[in-house]
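Please look through the sequence and the structure shown here, and then follow the paragraphs below, which take up one part at a time.

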Amino acid sequence: MSFVDYYAILGIDPAASRDDLRQAYRLAARRFHPDVNKATGSSALFRDINKAYEVLNDPASRAEYDHLWQDYAITTPSLNVDIIYSRKCLRPISEPQLLYVLVKIQPLLEMSMTTDAPLNLCLVVDRSTSMKGARIQHVKSAVHRIIDDSAAEDYLSVVAFSDNADVLIPAQHPVDPRSIKSVISIMRADGATAILAGLQAGLAQIKRNIQPKYVNHIVLITDGRTYGDEGDCLTLADEARDLGIGISAMGIGEDWNDRFLDALASRTGGASAYINSAAAVSRFLQERVRSLATAYAERTELIVGPVPGANIKAIIRTSPDPMSMESDLQPIPLGSLDGKLGTKLLVQFHLNTGETPDGNFYVGRIDVSGQVLGSVHREERIIKDLVVEITNQPVEEDPPPELLDALSRLALYRLQDRAREAVEEGDFVEATRKLEFLATRLFESGEKNLGQAALHEAQRVAQTQRFSEEGIKQLKYGTRAFLPVLGDRND
Amino acid sequence: MIKCPYCGHDNMEGALVCDECGLNLWEDLQDEVPTRELEDEANELSVKSGWGTATFQDRNQVIIHIRDAAEPVTIAPGSEFLIGRHDTSSGITPDLDLTPHGALEKGVSRIHAALRRGEDVLSIVDLDSANGTFLNGQRLAANQSRLLRDGDEIRLGKLVMHIYFK
């Protein structure tokens with residue numbers, strides 16, 4: 001059990017009197033109590049507020065807690081959470097207003113040079129009939145690369161699945177890479193795609209060596225759709241998350257279900273990727289595994305708790321591996337925190353500020369937690385309160401370029417997403433329109449190929465009332481690849 | 001409320017990007033118009049409030065309202081319908097000759113743009129004209145066709161016209 005700073009949770013000084021404590025609790029209850037606030041994040045926050053109050057309100061337990069708190073207070077936090085607002089001053093108006101908040105979770109600099117975290121990795125590989133030929137060959141060499149690259153202390157296992165799953169390499173340290181590589185080489189492609197069986201076998205392998213100081217992760221590589229067991233796969237993902245195991249998914253070609261793989265990955269805070277040519281499998285897999293190995297923290301989570309006057313409209317992870325997060329499932333799993341990139345999320349609020357000017361408007365709270373790996377190995381938790389000012393004074397405020405940039409890129413992804421929704425709802429006029437907007441924005445940004453793809457899909461939808469599987473994936477993952485803020489990969 | 005200058009969508013106070021069409025609203029506000037002449041031009045671009053249908057079937061005709069012209073022009077475009085101005089020296093005559101509407105002064109090229117009939121749709125393509133073709137205020141990339149909708153505004157150089165489906 002990790003140490004939780006109850007004073008930070010209640011927003012009071014450790015020297016606060018019992019009266020101060022009660023006042024702070026009453027204020028917090030007005031903001032987050034489930035009776036007044038139905039947001040799932042807020043209820044999650046209130047549980048801790050309640051606990052904090054219980055402990056601190058009793059003099060005996062408070063004294064005991066204070067003793068532990070002294071030790072906690074002298075340690076420097078190893079995570080940093082920065083909040084960037086689209087604007088800090090809002091006008092007092094009766095209509096709802098938009099506020100964007102960029103949440104940047106980053107390792108504290110002096111600690112970011114720790115060595116690679118050990119991996120407990122399972123590769124779950126599709127060997128169904130459709131993988132025959134170049135695909136299976138590329139996957140084999142990709143797995144070979146991972147075996148060659150793995151460190152002595154890593155645990156590695158490989159599961160192949162078609163109608164059922166076979167454990168090709170049971171979880172082990174890669175002490176004899178040649179013999180385990182030869183097991184991979186004889187893998188043949190035949191049968192159907194039963195993803196659940198593959199994931200179950202993979203999970204069992206990971207569980208054998210599950211340790212908190214390891215990065216415990218399953219990478220699924222598939223080119224097809226699983227039939228009938230998608231729901232069970234998602235349940236399995238939830239189980240994995242609760243055990244601190246991440247799942248990443250890579251889809252090869254056009255025929256896999258992108259929404260399903262996205263959901264699978266996002267439930268554990270993992271990543272999903274679209275690989276349009278089999279030859280790219282190795283690069284994608286290597287990149288994914290490298291990013292896991294440079295993880296600074298594992299099992300990071302985010303809670304966003306708005307006050308009753310604020311509503312979360314969207315939470316989007318913008319970097320790495322951009323993905324829309326479900327704000328109703330809180331805490332939101334963010335998986336491993338990349339030691340170089342950190343994690344960035346964009347939260348969109350609708351605020352009802354009312355018409356009373358002058359004063360602070362408390363929007364809500366951001367609560368980030370995670371287990372920092374390496375030498376500092378410990379659970380970290382950072383709490384940030386979101387506050388803006390309401391004023392009638394005209395304020396000259398330029399939106400932060402970083403946030404504006406992320407938003408413009410995000411707009412492309414959302415146009416694509418909404419075009420797809422419109423097609424599903426049978427509104428082909430709307431879908432065509434959205435795709436044309438998307439094409440316009442893409443051409444403006446100099447993205448000619450994607451722009452052409454959008455135009456092509458627009459015509460296709462107008463004429464046949466359908467998307468092409470290839471086109472929609474190209475647009476989705478193409479506009480998504482756009483999302484990381486430029487320069488991220490290099491600094 | 002912030003009205004998007006591109007698609008006319010009403011965005012919430014505080015929006016930085018249009019929720020409807022993805023336009024960067026902030027940058028758009030910052031783009032100050034440098035000269036008087038261009039400002040007039042910008043004012044001519046009426047922001048449309050609604051969107052017409054994109055469906056254009058075989059039996060449909062196009063009615064073109066040319067700004068400042070007394071009568072609208074009705075056409076039934078074939079697979080490719082050229083718009084431009086007549087040139088005596090080369091003998092080029094487009095399907096729609098805009099010479100009577102001040103094409104030369106307004107920077108319309110001889111072969112400026114074309115309407116193309118697709119399956120149940122009509123699109124417009126700029127044929128690498130000197131002064132550009134604009135669809136609802138947006139300059140088109142040359143040789144890339146864009147779908148037309150009932151009520152769209154087209155500008156060839158400085159010549160503005162509206163397209164209606166009948």
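Predicted model: local features only at pLDDT ≥ 70, side-chain atom pairs only at ≥ 80, totals over all residues.

On the side of chain B that touches chain A, the residues divide into 13 nonpolar, six polar and six charged.

The contact as a whole draws 36 residues from chain A and 25 residues from chain B. The size of an interface is often expressed as the accessible area that is lost when the parts come together. Chain B and chain A bury about 2,900 Å² between them, and 54% of that lies on carbon and sulfur atoms. Of the area that chain B buries against chain A, B:Met12, B:Glu13 and B:Glu20 supply 22%, which is more than any other three residues.

Within chain A, five strands form an open sheet with mixed pairing, in the order S2-S16-S15-S10-S13. Strand S2 (89-90) and strand S13 (332-338) of chain A stand at the edges and have a single partner strand each, so one side of each is left without a neighbour in the sheet. Strands of a sheet pair through backbone hydrogen bonds, and may do so in parallel or antiparallel fashion. S2(A) runs parallel to strand S16 (residues 378-390) of chain A, and two bridges join them; A:Cys89 has A:Glu389 in S16(A) as its bridge partner.

Key. Residues numbered from 1 in each chain as written. Chains lettered and ligands numbered in written order. Heavy atoms only, no water. Pairing = 2+ DSSP bridges. Helix = DSSP H or I, 4+ residues; strand = E, 2+ residues; numbered from the N terminus. Contact = heavy atoms within 4.5 Å. Buried area = accessible area lost by both parts, 1.4 Å probe. Nonpolar A, V, L, I, M, F, W, Y, C, P; charged D, E, K, R; others polar.
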